[in-house]
Amino acid sequence: MVKILIIEDEKAIRMALEDDFLAEGYLVDSAVTGTEGLQKGMDPTFDIILLDIMLPELDGLEVLKELRKRDIGTPVIMLTAKSQEIDKILGLEFGADDYVTKPFSPRELQARVKAIIRRAKEKQQTVGTRYRFGNIAIDLNSFLCYRNDEKIQLTTLEFDLLSFLVEKKGQVVDRDRIMDAVWGPDVFVSPRTVDTHILNLRKKIEDDPSNPKRLLGIRGRGYKFLPD
């Protein structure tokens, strides 16, 4: 059974989310402050975390940064009432897997949660494969990425995105195909979200992110991974 943690201080939203996910058969726990959310989020048995940005005591971005600093890799979907692009970008840079902007559709949020859970289950069934390109190694068995033999902390979406491009190495893959393969056909994301994840990956695997040698953008078409 899927276990979900909801970190949200607005009572009406929190209770509505709890009811929605309980009705879907999830095990649900919740927290109302950033401090409480961080404490509960340290539990590695959660399958996914819904994390509001605007929280008392610690804001959601600080909670996320601390979780990732402590190597808690639980997938996180950020909930935010803000529409500014910077909040979304910061959330992704700090290690969020996805985000939704309030007011959001419960159906859309559930689709995103299910997509992330589905990818996690698919990973458990993956036959071990290790790719190595120069100073980069990707292990599909342990779901880890290494640069110069040092582990890199990737989010679930970042790992899936990189793995997909590596498997299509040398091929130009358009954004629509990337979105369908990584997020799933039932989840709507904008091309800008793909671009942001690519930028974050470049910061983690490229020697010079401003002059990438592996994750290349092809103007007007999409992206490709160059092995060497």
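Predicted model: local features only at pLDDT ≥ 70, side-chain atom pairs only at ≥ 80, totals over all residues.
What is the handedness of the crossing of H2 and H3? The crossing is right-handed, a label given when the near helix is turned clockwise from the far one by less than a right angle, anticlockwise being left-handed.

Residues are numbered from 1 along each chain as its sequence is written, and side-chain values use heavy atoms, with hydrogens and water left out.

**First stop: H2 and H3**

Select residues 34-41, helix H2, together with residues 60-69, helix H3. Helices (H or I, at least four residues) and strands (E, at least two) are DSSP runs, numbered from the N terminus. The axes of H2 and H3 are 10 Å apart, and the packing angle is about 25 degrees. Axes here are lines fitted to C-alpha atoms, for helices over the stretch in contact, and angles run from 0 to 180 degrees between N-to-C directions.

Next, display the side of H2 with Gly 34, Leu 38 and Gly 41, which meet Val 63, Glu 66 and Leu 67 of H3; contact means heavy atoms within 4.5 Å. By class, this contact has 3 nonpolar, 2 polar and 1 charged residues. Ala, Val, Leu, Ile, Met, Phe, Trp, Tyr, Cys and Pro count as nonpolar, Asp, Glu, Lys and Arg as charged, and the others, Gly among them, as polar.

**Second stop: H6 and H7**

Move to helix H6 (residues 156-167) and helix H7 (residues 175-182), whose axes come within 10 Å and cross at roughly 125 degrees. This pair is therefore oblique, and its crossing is right-handed. From H6, select Leu 157, Asp 160, Leu 161, Phe 164 and Leu 165; they meet Arg 177, Ile 178, Ala 181 and Val 182 in H7. The residues of this contact divide into 7 nonpolar, no polar and 2 charged.

While still on H6, pick Glu 158. Glu 158 is buried, with a relative accessible area of 1%; buried means under 20%, exposed over 50%, and partly exposed in between (1.4 Å probe, protein chains only). Leaving aside residues up to four places away in sequence, Glu 158 touches Leu 92, Gln 153, His 197, Asn 200, Leu 201 and Lys 204.

Now show the open sheet of 3 strands, ordered E10-E12-E11 with antiparallel pairing. Its edge strands are E10 (173-174) and E11 (215-218), each pairing on one side only. E11 is joined to E12 (residues 222-225) by 4 bridges; two strands pair if DSSP finds at least two bridges between them. Gly 217 stands opposite Tyr 223, and Ile 218 opposite Gly 222. In the hairpin of E11 and E12, with 3 residues between the strands, select Gly 220, which takes a positive phi near 75 degrees.

Arg 192 lies in H8 and is partly exposed, at 38% relative accessible area.

How values were computed. Parallel < 35°, antiparallel > 145°, perpendicular 65-115°, else oblique.
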